[in-house]
Amino acid sequence: DEPCGSRRCCEVVIGDGGFVFALEKRGYVQAGPWTPEAAAEHPEAVRQLHREFLRAGANVMQTFTFYASDDKLENRGNKQRFTGQQINEAACDLAREVANEGDALVAGGVSQTPSYLSCKSEDEVKAIFMKQIEVFVKKNVDFLIAEYFEHVEEAEWAVQVLKTTGKPVAASLCIGPDGDLNRVSPGDCAVRLVNAGAHIVGINCHFDPETCLKTVKLMMEGVKKAGLKAHFMIQPLAYHTPDCGCQGFIDLPEFPFSLEPRILTRWDMQKYAREAYNAGIRYIGGCCGFEPYHTRALAEELAPERGFLPAGSEKHGNWGSSLALHTKPWVRARARRDYWETLKPASGRPMCPSMSTPDSWGVTKGHADLMQQKEATSQEQLKALRSKC
């Protein structure tokens, strides 16, 4: 219903990127808990990253509220310096501030909980989501996202709570073509989410664009077969994961501190954006590993459909064209699309394998190893885990 010419009425919506990983690299998020205290503790860092994604072409500023439920903030000895409410309020204010600078939308997000993994009841888990959305309603975000769910049941519960606000609801699972961790197929997962009240369904995190595309296509088939309608979204990793099992990159031995050799190039991103668009997906973004230049690549590839280039393209020639300004002739020769589109990048790492063997422990909700606790992980618990590696 946006007026013609507004960026919000574009057929394609570009999502932003992976705040948790990006801010961990910058020194504002702690790996392990992956909780978003930075929204309240270092608002300048979160604000700047929002601005970089906005400049790169993102239409949506998603609140930095990933894992901001109180049960996650105090899990396994994590020191709770801020409450979930304080973090969520600060995150909403930052996202709105930057969104207003570029006519973008604000999305409030909730994610999976330790309580669900520990077999808490439906009412207990839903109460956690309800507490979070009270802030989103108060701050009047534009729409809501239930993201990063490994079990469709918990995602259904989240959607059921989010839809009580009357705001549009998106739901994305972090699953692959094999389905959720209870082996519910992607098609069935999508149907369940739509029936729960989600307007947009799709995939985020855990897998690379190629795998996520396969999974969203299966979701699209399932929704169509069930006679339902929905919009679809995709926000994959910025890492190649052809060797991953059902739990995605978390199973990789490189997770989380040695993933850099797997990073997708900006040209990989342009290919992904085009394939996602051709598949009929209209909410196209990224998750862990995505940096603003990756988002800019999506926006540049889809500029014909969107009708404009992002501001960040002022400093980036189309398909490397700005390299024509370089002093070295062999670099100037690379100022063309066919060079970058066909390049096979080398890793520069002699003797390294092309793929890894995932850990694949095969545990999920209810298993003793996944029961969560407020106390810090003990040395005895760590020793027991190491014995299984």
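Residues are numbered from 1 along each chain as its sequence is written, and side-chain values use heavy atoms, with hydrogens and water left out. Because the model is predicted, local features need pLDDT of at least 70 and side-chain atom pairs count only at pLDDT 80 or more, whereas totals for chains, interfaces and linings use all residues.

Helices (H or I, at least four residues) and strands (E, at least two) are DSSP runs, numbered from the N terminus. Strand β5 (residues 169-173) is mostly covered, five of its five residues being buried, where buried means under 20% relative accessible area, exposed over 50% and partly exposed in between (1.4 Å probe, protein chains only). Val169, Ala171 and Leu173 point one way from β5, and Ala170 and Ser172 point the other way. Strand β4 (residues 143-149) pairs with β5 in the parallel sense over four bridges, pairing being assigned if DSSP finds at least two bridges between two strands. From β4 the chain crosses through helix α8 (residues 152-162) to β5, and this β-α-β crossover is right-handed; that is, with the strands pointing away from the viewer, the path from the first strand over the helix to the second runs clockwise. Four bridges also join β5 to the parallel strand β6 (residues 200-204), where Gly202 is the bridge partner of Ser172.

Within helix α8 lies Glu154, which counts as buried because its relative accessibility is 1%. Leaving aside neighbours within four places in sequence, Glu154 is in contact (heavy atoms within 4.5 Å) with Gln112, Thr113, Tyr116, Val125, Phe129 and Phe149.

In helix α11 (residues 266-278), the buried residues are Trp267, Met269, Gln270, Tyr272, Ala273, Ala276 and Tyr277. Among the elements that cover them are α10 (209-225), β7 (231-235) and α12 (292-301). Just after α11, Gly280 takes a positive phi of about 100°.

An unreviewed UniProt entry places the feature "binding site" at Cys205, Cys287 and Cys288; such annotations may be inferred rather than shown by experiment. Although these positions are spread over 84 residues of sequence, they cluster in space, with a largest C-alpha distance of 6.3 Å. Cys287 is placed in the loop between β8 and α12 and counts as buried because its relative accessibility is 11%. Cys288 is placed in the loop between β8 and α12 and is buried, with a relative accessible area of 8%. Not counting residues up to four places away in sequence, Cys287 touches Cys205 and Gln235, among others, while the residues that Cys288 touches include Cys205 and Phe249.
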